[in-house]
Structure formats: C-alpha cells, structure tokens
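Dear colleague,

Please find the structure below, handed over for your own work.

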Amino acid sequence: MPELPEVETVVRELRPLVVGKTIDRVKAIWQKTFVDQAGLSLSGQIIQKIDRRGKYIILVLNRSYLIVHLRMTGRLSLSNGQGDLSGIPHLRCLIQFKDGGRLLFEDMRKFGRIYHVKEVEEVLKNVGIDALDTHLTFEHFYDYLKNRKMGVKAFLMSQKWIAGLGNIYTDESLFLAKIHPEQACDQISPGQGRKLFTAVQEILHRAVENMGSTISDYRDAYGNPGRNQLYFKVYGRAGKPCFVCGALIEKKKVAGRGTHFCPQCQKLRGSK
C-alpha cells in the first residue's frame, strides 16, 4: 500500500499538471470507486491546489473537495485526452477536463476511492497530523506517545495520532531508532522518543527524495517505479545479516502485519 512518500511523490508530480484546470465531468467506470457525498455539480469547478494528509491526496476545488485514497494498488496519471481508453484494463474512474485532458485513476484491486465532499473532515476526521507537518514538534509527538499503552508499531501505524506511516516506514524508522516494534509506548523514555521522532523524519524525507518505494505495484504519476527499496535496512530482509551488528533480521507478526527487526539492535526493554 502506498505510504506517505509514495503519495507525496504523486502529489508533487501532479501539482504543476492539474492545478488551474477546470473539470468538465467525472466518469466512474467502477461505480464503487467514486463516492459523491457533496451533492454538488463538479462541472465547471477548478482545481485550485493539491494538498496531502497522511496517505490521502486532497484536490481543493472552488466549491468542494476531491479526496483520493490510493489504498493498495491505486494510481493517478494524466492523459492528454487522445487515444482509446479501452486498452487500460484497470481504469476505474476518470476526471475529464474542459481542455480535453483527463486524470485517470487505475486500480487493479478496486480498493481505492475518490470521495467528493464539501468538507475535508468528512473523510479525514479520524486522521491525525501528517508525519511531515512542520507543526508536528517532538513535544507533540512524545505527548501522543507516552500516554499510549499500546505497542509502538501499532501506535505509528494507527493513523489516529500521526498519519502517513505504514508497514515499510514504521519498520525502517524503528530500526533506525533502535526500538523494538512491540515496545510499549509508555515505556519509551524521552531520549528514545526523540530518537524515534528524528528517525521517522529522516526515513520519510529520504524516501520522498527517492520517489518512494516500489515493492510490487506502486508507480508514480509518470509510470516510473520508486527507488527507495534499494536502501531498506530491515524491511524484506528476514534471514539476512543486519548491516549494523550482523545478527539475522527476524520477521514476526506485530500489530497484524509482517514485521522486520534486528533482535540485537532492537531489544525489548521492560522499563524506561
């Protein structure tokens, strides 16, 4: 599933291509993909800007919003309006512009959604602050963390407090911070918490610079794969030696997800 770096890459690429364009109509090829909760016509609305919060893309229109969740295999790309679309097997929805261009939403698994809403919070009311939001300070981060009794991996992936981290970047961040994925949040000291906050920022910024990670389906707005997967330290490396200490990377299910960690570098500790 695309996480913050992959979604940020798509947003940055689409921004100069679609901002200022006027929508003619929206056509849902797979009806469940497009969820209209606004009750307003999209025809004639202008895309004023594109934002992102966590894993959600937000197209700000002059009278409403389109919020895109790529989920597992969703992909957005721009077409110049020429050519037959029947050759695109997983096309689920398209946004037709007045100038003839089209924003295409492809999704092999059909889990992705485009929501048309009057207010962003109709969709994002349970989504916390973006992990790369400049307003997210260490003090805010640690305040969220220290008051949770859940495991730290579950906390980072919940999206309720910090948004944007999924399985890949949670594992990589915890490794960099040398924190076990099952460590209880309220047992993480301020010093460890600061290391984790710094690690999350570093891992995400680096992944954005590398245009995201392509494990299987992810492609950017131009159809190119990311390259950040070339720099993973633990994710997908079960049974291989740790780059730091040489111990074999382990994989186990934590918070319902296959989790990679180094048992030597990331010891489970009982107290602060």
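Helices (H or I, at least four residues) and strands (E, at least two) are taken as DSSP runs and numbered from the N terminus. This is a predicted model, in which local features need pLDDT of at least 70 and side-chain atom pairs count only at pLDDT 80 or more, while totals for chains, interfaces and linings use all residues. Residues are numbered from 1 along each chain as its sequence is written, and side-chain values use heavy atoms, with hydrogens and water left out.

Salt bridges

A salt bridge here is a side-chain nitrogen of Lys or Arg within 4 Å of a carboxyl oxygen of Asp or Glu. In general, side chains of opposite charge can pair when their charged atoms come close. Searching the whole structure gives 13 salt bridges.

Within helix α6, Glu202 and Arg206 are four residues apart, about one turn of the helix. Their side chains form a salt bridge, at 2.5 Å from N to O. For burial, the cut-offs on relative accessible area are under 20% for buried and over 50% for exposed, with partly exposed in between (1.4 Å probe, protein chains only). Glu202 is partly exposed because its relative accessible area is 38%, and Arg206 counts as partly exposed at 27% relative accessibility. Elsewhere, salt bridges that share partners join Glu8, Arg12, Arg52 and Asp130 into one network.

A further salt bridge joins the side chains of Lys21 and Asp99 (2.4 Å, N to O). This pair links distant parts of the chain, 78 residues apart: Lys21 is in the loop between α1 (4-18) and β1 (23-28), and Asp99 is in the loop between β7 (91-97) and β8 (102-107). Which of the two classes, buried or exposed, applies to Lys21? Lys21 has 16% relative accessibility and therefore counts as buried, whereas Asp99 has a relative accessible area of 53% and is exposed.

Glu106 and Arg75 also form a salt bridge, with their closest N and O atoms 3.7 Å apart. Glu106 belongs to strand β8 and Arg75 to strand β6, so the pair ties together parts that are 31 residues apart in sequence. Glu106 is buried, its relative accessible area being 17%, while Arg75 counts as partly exposed at 23% relative accessibility.

Helix packing

Axes are lines fitted to C-alpha atoms, for helices over the stretch in contact, and angles run from 0 to 180 degrees between N-to-C directions. The axes of helix α5 (residues 167-177) and helix α6 (residues 190-209) are 8 Å apart, and the two helices pack at an angle of about 130°. That angle makes α5 oblique to α6; angles under 35 degrees count as roughly parallel, over 145 as roughly antiparallel, 65 to 115 as roughly perpendicular and the rest as oblique.

The axes of α1 and α6 come within 9 Å and cross at roughly 40°. This makes α1 oblique to α6.

Other positions

Met72 sits in the loop between β5 (65-69) and β6 (74-79). With 35% relative accessibility, Met72 counts as partly exposed. Asp24, in strand β1, is partly exposed as well, at 29% relative accessibility. The C-alpha atoms of Asp24 and Gly83 are separated by 18 Å, and these residues are 59 apart along the chain.

With kind regards
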